[in-house]
Every structure is written in C-alpha cells, then in structure tokens.
Amino acid sequence: MKLIEAKDYHEMSMLAAGVILAQIKSKPDSVLGLATGGTVLGTYQQLILDHQQNKTAYQHIKTFNLDEYAGLSKQDENSYHAYMKKHFFDEVNIPSSQTFLPNGEAHDMEAECKNYDRKIEEFGGIDLQLLGIGQNGHIGFNEPGSSFESNTHLVALEQSTRQANARYFDSIEDVPTHAVTMGIATIMKSKKVLLLASGLQKSSILYDLFHSDVTSSIPATILRNHPDTIIIADQEALSKL
Ligand code: GLP
C-alpha cells in the first residue's frame, strides 16, 4: 500500500481527483469503480470542476458503484443511485447506459448479484476502484467478518454502520437494515485501488489498517495483499499513526 499524506480534506480531494484523471487520460475507456459517502464528495466536486474547465471526456468511461441500500428505490433521495446522479453523473457527460449500480429492489437478489459481477467482467474488469472506509474497517458494505472470497452479495448492516449513516436520514429507523455490495473478492480484482480517509473519526481505523495483521475482522486490511493500492489520507486521519 502506498500512502500519500494530504494536509486536509480539500487537498485529499484534489490529489484523489488527480489520480482518477490520470487514469482517464491514460485509458479514455477506463472502467471506474465508484463509491458514495461523505469522504468522496469533494473528489467528485474536483472532477466536475475539471470537466467544466478542461472538458475531460467521459463518453467512453464505464462506472460500477460499490453498493446500494436494499429496499430503497432509485428515486429515493437516500439511495446511492440518487447520490451518484446528483453529485456526479448529471454534471459530467457520461451516458447513463454506461453507469451501473446494484439494484437494491431486485426481486431475485442472487441473480442480480451474479449479473453485476458478470457485467464487470464483460467490460474487462475494474481499472480503478475508489473506496472510502467505514469506522469499523468496512469497504463497500463488507462488514467485519465478511469472507475475503465474497463476490457481490446481500449483507445485513451493522448497527454502528446504520448509526454512522443515520445523518442522511430522518431517523435511524429509516436507515435500511440491508444492502447489496460488491464483495471483497470483487474489489480485490480491481487493477488499482484508491482508498480515501479524512478526519479524526477515521484515525483509529487507519492505525489498524497499517498495524493490524490481515484479518477479516477488519475487512480493509485485505488491501495490504493488493499489488496496487494507493491510500490518500489527511493529517487528522493519520494522527494516530
Ligand atoms: C458507507 C459506504 C462506504 C463508505 C463508508 C464511509 O457505509 N457504504 O462505501 O466508504 O460508509 O462513509 P463516509 O465517507 O461517509 O465516512
């Protein structure tokens, strides 16, 4: 894992956007794995700014998101479909037929998950996967204890994860109990991984990420076995290292 230290959230976002833009420039038909959450918002804003200024082309880019809540419709403002549309897709010229997220409302969830993995393979696999990290070490929605062999699947969310994400909902009861997520094996197949972390609330888990053995009780530690992972974190997130 290669660590890049940023001064603050803004610098982390600028550096992350730089890595993504370098990927797009070197391969204009890249397959990008995308993430949601607060950490990556600034990165999308930087990419949008770049698109406005430099007209970076997204016509040939394909995107696959990590996860989606189960049971939320695509139109629900808290769905990751809605998040991506609002914070990124609507602002760059990417054809909607080239952006993919798991369908959290699928009747046959098993078929949905298999299809999702198959589609990723059909496009040649993910070139660059953007990741945040949960305070419990989850990546995507792969909670502690998730198998490192897992492909895209349905998961029950930990209470602490629902609590951490409750800020976007009216109340914790409204936070879905389940989600569909790319599995750890899906994530590990990405050619390059870019993990971002910002703020004091991520300082303990970043300490664990660098100091703990690779263990399924801290899912993100698997990235230590990935040949090309970049971590960009700000000073607050790195303050316990
Ligand atoms: C959420 C998402 C993850 C995200 C993480 C951190 O639960 N499923 O993909 O990386 O939690 O979120 P945040 O960046 O808001 O701290």
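Predicted model: local features only at pLDDT ≥ 70, side-chain atom pairs only at ≥ 80, totals over all residues.
**Helix α1 and its cover**

Residues are numbered from 1 along each chain as its sequence is written.

Helices (H or I, at least four residues) and strands (E, at least two) are DSSP runs, numbered from the N terminus. I call a residue buried if 20 or more other C-beta atoms lie within 10 Å of its own, exposed if 12 or fewer, and partly exposed in between, with C-beta atoms placed from the backbone. In α1 I found Met12, Ser13, Leu15, Ala16, Ile20 and Ile24 buried. A handy reminder: an α-helix has 3.6 residues a turn, so residues three or four places apart point the same way.

I also checked the length of α1 (residues 9–26): at 1.5 Å a residue, its 18 residues should span 26 Å, and the end C-alpha atoms are 26 Å apart, which agrees. The expected span here is 1.5 Å times one less than the number of residues.

**The core**

Next I looked up the largest nonpolar core, which has 58 residues. Such a core is a set of buried Ala, Val, Leu, Ile, Met, Phe, Trp, Tyr and Cys residues joined through C-beta atoms within 7 Å. Leu195 is among those with the most contacts inside it, along with Leu131, Leu194, Leu196, Ile232 and Ala233. Two residues are in contact if their C-beta atoms, placed from the backbone, lie within 7 Å. Leaving aside neighbours within four places in sequence, Leu195 contacts Leu131, Ile133, Leu223, Thr229 and Ile231.

**Phe123**

Then I turned to Phe123, in the loop between α4 (109–122) and β6 (128–131). Phe123 counts as partly exposed because 16 other C-beta atoms lie within 10 Å. Not counting residues up to four places away in sequence, Phe123 touches Val31 and Lys62. I also noted Thr63, 60 residues from Phe123 along the chain, with the two C-alpha atoms separated by 10.0 Å.

**The whole chain**

Last, I stepped back to the chain, which has seven helices and ten strands. Buried residues make up 41% of its 241 residues. Among contacts with a separation of 6 or more, 80% join residues 24 or more positions apart. Along its principal axes the C-alpha trace spans about 45 × 40 × 35 Å.
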